[in-house]
Each structure stands twice: as C-alpha cells, then as structure tokens.
Amino acid sequence: MTATIIDGRAAAERLRNRVAARAAELARMGTVPGLAVILVGDDPASQVYVSNKTKQAAAAGIRHFDYRLAGDTTTETLVSLIRALNARPDVHGILVQLPLPPHVDTNEVLATIDPAKDVDGFHALNAGRLALGLETTVPCTPLGCLILLRQVHGNLAGMRALVIGRSNIVGKPMAQLLLQNDCTVTIAHSRTRDLPALCREAEIVVAAIGRPRAISGAWLRDGATVIDVGINRIEVDGKTKLVGDVDFDSAKERVGAITPVPGGVGPMTIACLLLNTLNAAIRAANTRVIEPLEASE
Ligand code: NDP
C-alpha cells in the first residue's frame, strides 16, 4: 500500500482564505484584527517562525505589532509589556514566541496574557477549559492536526488514537481534542514501555516527540493515519534537512495516510494562529466566531 500524502499546505491555504475573507468583513464593520508578536533573543529558528507568522498575518488582513527584544530582557519587562498590550483595544491576540531564554519565568509571562487574547491557547485558564470540554482557544498545532484528521476521516468516533508526546503545547491538548472527538486515546511518552506494540494497535498516530525518524514504519498498523508533528533539523551530505518524528519512507509503504515534513502540520499551525486571532477579534467585536472545522471546509 502507498499512503495518501496529506497536503497540509493546501489545507492551510483554504483555511487562510476563509480567515482573510472574514477578516475583511470584520474590518468593514470597523474592527481590524490585531496580533502582537513578541520575540526575545536571536534564535534563528524562532526568527524564521515569527517572520512566517507576521507575513501570513499581514496577507490575511491581520495587523501585526512586532516586539523584537534583546536576549537579556527580564521577566518584569515582559510582564509590563504584556499588561500594556492586554489594555490595548487594537490588539486582539498576543503571541510570545517560545522558548524564552532560561532566565525568564515562562509560566509567569504566559499567565500575564489576558486569556481572551491568548491566541496560542497556553494560558492555564484556556488549558483548563479545554480539559473540561468548554469553549476555549485551542493551541494551534493540535488544532491543525485535528482539522487534517477530520479532512481524512470526517467522523473520528470510536477510533483508536495514539498520541506520542505529552507536552503542554502539543501532546496533552491533542489528546484532549481526540477525546472530545470520541476517540479512544492512549498517550505515550519517554517512559512508555513497548511503544511499537501501542503503535500497532492505533488507527490514528500523532507523533510529537522531537526525535528524528524515531517511529519506524514497521511499527505502524496497515492503513493507519499518521500525523507527524515533529520538526527536526538533521545534516545530510553537509546540508541541513527537515525531517519528522516518523520514518516517512518506511511509513508511507504501510499506512493509509500520512503528513509530510515539511508541508504537513507546520503550515496548519500558522493558519490556526490566524484563525485564533480572527476569532479573538470577532469575540471582542461581539459577533459570531468561525468554528475551526467550518473554517477548513
Ligand atoms: P517536548 O520536548 O516539549 O515534548 C516531547 C515529548 O515527547 C515529551 O512528552 C517526551 O516524554 C516525549 N518523548 C521524547 N522522546 C520520546 C521517545 N523516544 N518515545 C516516546 N516519547 C518520547 O516537545 P514538543 O511537544 O514541544 O514538540 C514535539 C515536536 O514537535 C518537536 O519536534 C517540535 O519541533 C515539533 N513541533 C512542531 C510544531 C509544528 O508546527 N509542526 C509546533 C510545535 C512543536 P517525557 O514527557 O517523558 O519527557
């Protein structure tokens, strides 16, 4: 069997177009969605992510306010900047690019963001609402994964899903979303025993561990759907190459559908950030939000 390659770029483009159309409508009603983007330090990967986010925001009609701060910026400075942004009516979303330098208290910084402007969905209140199944802002990467899965399967009810990785930004919210979609969910992590056996059982595998090609195709169930969140930089013949957490070449001979890296989950993450920002602006303007699955149609 050769797998269907799930085209994250095409799905992200459809989503961005929906966001842009609604942002234009909102602007005609007097509200231009605004996103503040805070980058601390000069980590090259973070600079690339931030510049992609701001470019795509501008293309979708979302105004962005950029804060590029020195690597020695203190927690206190960040907290006062965020408080000022919380108070601004033209800023609907606040994004702090992670990771922050080790001397900064990341939890305190994230906790300062007004939950209504927390477009990454990392605030404890939003994470708690997700766990309770209440309406909330869902973290962008798992939301993008869910949209792709729904495009492949429609209804996920009853499917056996394995989430590999339990981080607060990917693994845990992903598991919550799959549970809300009536999957039977297993969460694996670095202390899990016999990961290949769990993979063999799973009809859906979401891999988010940050280990290049660690999940072998031989472990996967025939016909499974695989969402590869991993973005790992490796050296091949002296050149840097991006690969996922799944060994794509062996997996695609076995599974039913798989996301490539690059071109799978990555573009969906940014498109979902735009969607979350738009919806924060819509809520502030007191009109109807776009449901993620409706937006991806
Ligand atoms: P973290 O490092 O925060 O978490 C990794 C998780 O994987 C941990 O729960 C860890 O377990 C688990 N893990 C590590 N090694 C293994 C292993 N051998 N077997 C099973 N589980 C393991 O990473 P993130 O969640 O932030 O990111 C994961 C990957 O996704 C990275 O490659 C990152 O670059 C990528 N990413 C991609 C995004 C996108 O837009 N496509 C967005 C965000 C992340 P334990 O908890 O026990 O330590």
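Asn276 touches Val119, Thr137, Val138, Cys140 and Leu143, leaving aside residues up to four places away in sequence; touching, or contact, means heavy atoms within 4.5 Å. Welcome to a predicted model, in which local features need pLDDT of at least 70, side-chain atom pairs count only at pLDDT 80 or more, and totals for chains, interfaces and linings use all residues. Residues are numbered from 1 along each chain as its sequence is written, and side-chain values use heavy atoms, with hydrogens and water left out.

**Asn276 in its helix**

- Asn276 sits in helix α10; helices (H or I, at least four residues) and strands (E, at least two) are DSSP runs, numbered from the N terminus.
- With a relative accessible area of 6%, Asn276 is buried. Buried means under 20% relative accessible area, exposed over 50%, and partly exposed in between (1.4 Å probe, protein chains only).

**α1 against α10**

- Two packed helices are described by the angle between their axes and the distance between the axes. Axes here are lines fitted to C-alpha atoms, for helices over the stretch in contact, and angles run from 0 to 180 degrees between N-to-C directions.
- Helix α1 (residues 8–28) and α10 cross at roughly 20 degrees, and their axes come within 9 Å.
- α1 and α10 are therefore roughly parallel to each other. Angles under 35 degrees count as roughly parallel, over 145 as roughly antiparallel, 65 to 115 as roughly perpendicular and the rest as oblique.
- The α1 and α10 crossing is left-handed, a term used if the near helix is turned anticlockwise from the far one by less than a right angle, with right-handed used if clockwise.
- Among the residues making this contact are Leu15, Val19 and Leu26 of α1 and Leu274, Leu275 and Leu278 of α10.
- By class, the contact of α1 with α10 has 15 nonpolar, one polar and three charged residues. Ala, Val, Leu, Ile, Met, Phe, Trp, Tyr, Cys and Pro count as nonpolar, Asp, Glu, Lys and Arg as charged, and the others, Gly among them, as polar.

**α2 against α10**

- Helix α2 (residues 44–59) packs on helix α10 (residues 265–284) at an angle of about 50 degrees, with the axes 10 Å apart.
- That angle makes α2 oblique to α10, and α2 passes α10 in a right-handed crossing.
- On the α2 side, Asn52, Lys53, Gln56 and Ala57 meet Ile270, Leu273 and Leu274 in α10.
- Four nonpolar, two polar and one charged residues make up the contact of α2 with α10.

- Gly264 lies in the loop between β11 (257–258) and α10, and counts as buried at 1% relative accessibility.
- Gly264 touches Gly8, Leu148 and Thr259, not counting residues up to four places away in sequence.

**Helix α7**

- Helix α7 (residues 171–180) has Gly171, Pro173, Met174, Ala175, Leu177 and Leu178 as its buried residues.
- Their cover includes α5 (124–132), α6 (140–153), β5 (160–164), β6 (184–188) and β7 (204–207).
- Asp182, which follows α7, has a positive phi, near 65 degrees.

**Domains and an exposed strand residue**

- The protein is divided into domain 1 (30–114) and domain 2 (140–265), with bounds from an automatic or database domain assignment.
- The C-alpha centres of domain 1 and domain 2 lie 28 Å apart.
- Glu235 is in strand β9 (residues 232–236) and counts as exposed at 59% relative accessibility.
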